[in-house]
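I opened this model to look at two things. The notes are kept in the order in which I looked them up.

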Amino acid sequence: MSESSPPNIQALLDEQRTFPPSEQFTRTANVRDRAVYDEAAADPEAFWKAQAEQLEWIEPFHTVLEWNPPHAKWFVGGKLNAAVNCVDRHVRNGRRNKAAIVWEGEPGDRRTLTYFDLQREVNLAANVLKSLGVKRGDRVAMYMPLIPELAIAMLACARIGAIHSVVFGGFSAEALADRINDSQCTLLVTADGGYRRGSLLPLKQIADEALKHTPSIKNVLIVKRDSSDRFPVHVTEGRDHWYHRIVQDVQAWCEPESMDSEDMLYILYTSGTTGKPKGIVHTTGGYLTGTMATTRAVFDLKDDDVYWCTADIGWVTGHSYVVYGPLAAGATLLMYEGAPDWPERDRFWSLIERHGVTIFYTAPTAIRAFMRWGTELPQKHDLSSIRLLGSVGEPINPEAWMWYHEFIGGQRCPIVDTWWQTETGQIMITPLPGLTTTKPGSATHPFPGISVQIRNERGEPVTEGGGLLTISRPWPAMLRGIYGDPERYAATYWSKWKDNAYFAGDGARVDADGCIWLLGRVDDVLNVSGHRIGTMEVESALVDHPAVAEAAVVGRSHDIKGQSITAFVTLKDGQRPSTGLEHELRGHVVKKIGALARPEEIHFAADLPKTRSGKIMRRLLRDIAEGKAIGDTTTLADPNVVARLKSQYENQE
Ligand code: 6R9
């Protein structure tokens, strides 16, 4: 497991500081009675039932959980609509004029949508989708910048029972086409473009490349982000429609569909240990219950909070904690389109000051970048509105935790370090801010009603010490499958041991106080700046290049990104290593996947270390990349390969 551990592992293991919740925070906290843990542990289904009952059901459920491992059904028999729960019921229940989405574009443009505004927009968008033939159960792809229309389009799908599949705007045309084709989407919602570090990302232009290879797409909706017409947009007659035009022709009200609790809400692609990303399937009732309950309890959300989760909606954090959780809970949320260092490196702090943000949820990679940029930047701004901080996406090193506590939280705000995954849908391991004594670097305890176990390879529980993170009971927002691949679902997550425990793919340790410390992935999944990337995906992209014979990709510790991508490649006969080729290979990976997968280092090798059965030993390549002593080489077919590589690598350094 140490193979994939983050750089700061020793610091994590040595960490002793503790931070009990302040009396003042506890006094008003949404969850302040410790009994909730024991009660939920004694009867998790009763706990989740009480949470689900806070949603608005068209028909009540008759059974909380049906568990036929590895298939779970939550709130069986219940009917509801996710968009109604996120929007309409707040309009009806006193939040009509409350700001739902406060948005700021990177160039500084601003918009505020009240819950009433959001309801109107979602209804219109739902009717636009219907007018283009989208029906209940159809898949709708989205390739969008971080603008309110993305959330509106997702909720519009939910309203009519269509299934959305959001593809992060940083993915390439090929990656977009693969995802569209995997789930046979019939409509794509995109935009002319979006802003990133002052430049324009021409999303429609990129989408046009993808659309050459996506026969299932019948219609494309183009949202106009930029009124200056700076984005070149080609409109294909009959297929492409400007949203702002077509919306003129539809009715203002769209009757919501009555959806089964287990109807699919969305698909979101994520990386695993093979070359092909998995379409993670989430359904309606359990997902909304899990995200709403955790939003309220973990972030202590109150009606007058201004909540800001900095994630892009293209990732699961954006689905669960920008869109569904906060809106189901009736929050006012801030959405910011662009980069943290544009136009200056204090953009986030100026946003917090300007909008009076009270809850701030971001990723360790961002915190480490802020640390490097210096304390003067946050100190230039009034951050006194903040009352709670959150962290997600990767293990947070104690140094970054302390910096966050001191310079952003002013030493007064609880920090919730939340562990979860695309597959879990909802936060699973986290402090509760009014109850939990935190330790820098530890996600502390399972959320009430969640059963976590650390096991060794044989499946035996580890009470103190390191092992593999597993979840031993189903939970409401859990994935229901991998789109179109039921076998892979069972094999990847539920088959490591015989007793149907969920295998998360992370290593973890429990300390003497029962606090859980996440130690990073134990499989071939990298975490680069909080983004999940499969080593096999990058390898497939590299060997797709005509000059490459073989490729092996490993993660290397990186001060800010957590991990960076190091590739070792062997070339085909007649090909020669060169800086030109190195650039070309980087460009090829960007074209196949997107800039987020660009290898930081590419090393040309004569051979790759392999076992006698021909498996590439990435473990040894990791040791080389990390500059560590080389581990056990006895199973290598040719031990000299490693020695040669290591000396070549060290000379290049
Ligand atoms: C929500 C999200 C999931 C992987 C997960 C783990 C890592 C996320 C973490 C964390 C340590 C935390 N991870 N949160 N590791 N502490 N608080 O990030 O989903 O993109 O699917 O990534 O991220 O390794 O397995 P996703």
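Entry 1, the model. I am working from a predicted model.

I looked up the domain assignment, and it gives domain 1 as 113–257 and domain 2 as 525–651. I took the centres over C-alpha atoms and found domain 1 and domain 2 separated by 37 Å. I then listed the residues in the contact: six come from domain 1 and eight from domain 2.

Entry 3, buried area. How much area is buried between domain 1 and domain 2? I have about 510 Å², with 46% of this area given by carbon and sulfur atoms. On the domain 1 side I noted F171, S172 and E174, which supply 67% of the area that domain 1 buries against domain 2.

I looked for salt bridges across the interface of domain 1 and domain 2, and the rule finds two. I also looked up E174 and found a salt bridge with K592. The closest N and O atoms of E174 and K592 are 2.7 Å apart. For polar contacts between domain 1 and domain 2, I recorded five residue pairs. I sorted the domain 1 side of the contact by class and got two nonpolar, two polar and two charged residues.

Which residues are closest to the ligand? I counted 17 residues around the ligand, and the closest are D417, T418, T422, D506 and R532.

I checked backbone atoms next. A polar backbone atom of G393 is 3.1 Å from a nitrogen atom of the ligand. For P395, I found a backbone N or O atom 3.4 Å from a ligand nitrogen atom. Q421 uses its side chain: a polar atom there lies 2.9 Å from an oxygen atom of the ligand.

On its own the ligand has 530 Å² of accessible area, and I noted that the protein covers 96% of it.

Notes: Residues are numbered from 1 along each chain as its sequence is written. This is a predicted model: local features need pLDDT of at least 70, side-chain atom pairs count only at pLDDT 80 or more; totals for chains, interfaces and linings use all residues. Side-chain values use heavy atoms; hydrogens and water are left out. Domain bounds come from an automatic or database domain assignment. Contact means heavy atoms within 4.5 Å. Buried area is the accessible area (1.4 Å probe) that two parts lose on being put together, summed over both. A salt bridge is a side-chain nitrogen of Lys or Arg within 4 Å of a carboxyl oxygen of Asp or Glu. A polar contact is a pair of N or O atoms within 3.5 Å; within protein, one must be able to donate a hydrogen and the other to accept it, and residues adjacent in sequence count only if both atoms are side-chain atoms. Ala, Val, Leu, Ile, Met, Phe, Trp, Tyr, Cys and Pro count as nonpolar, Asp, Glu, Lys and Arg as charged, and the others, Gly among them, as polar. A residue is near a molecule or strand if one of its heavy atoms lies within 4 Å of it. Accessible areas come from the Shrake-Rupley method with a 1.4 Å probe; for residues, only the protein chains shown count as cover.
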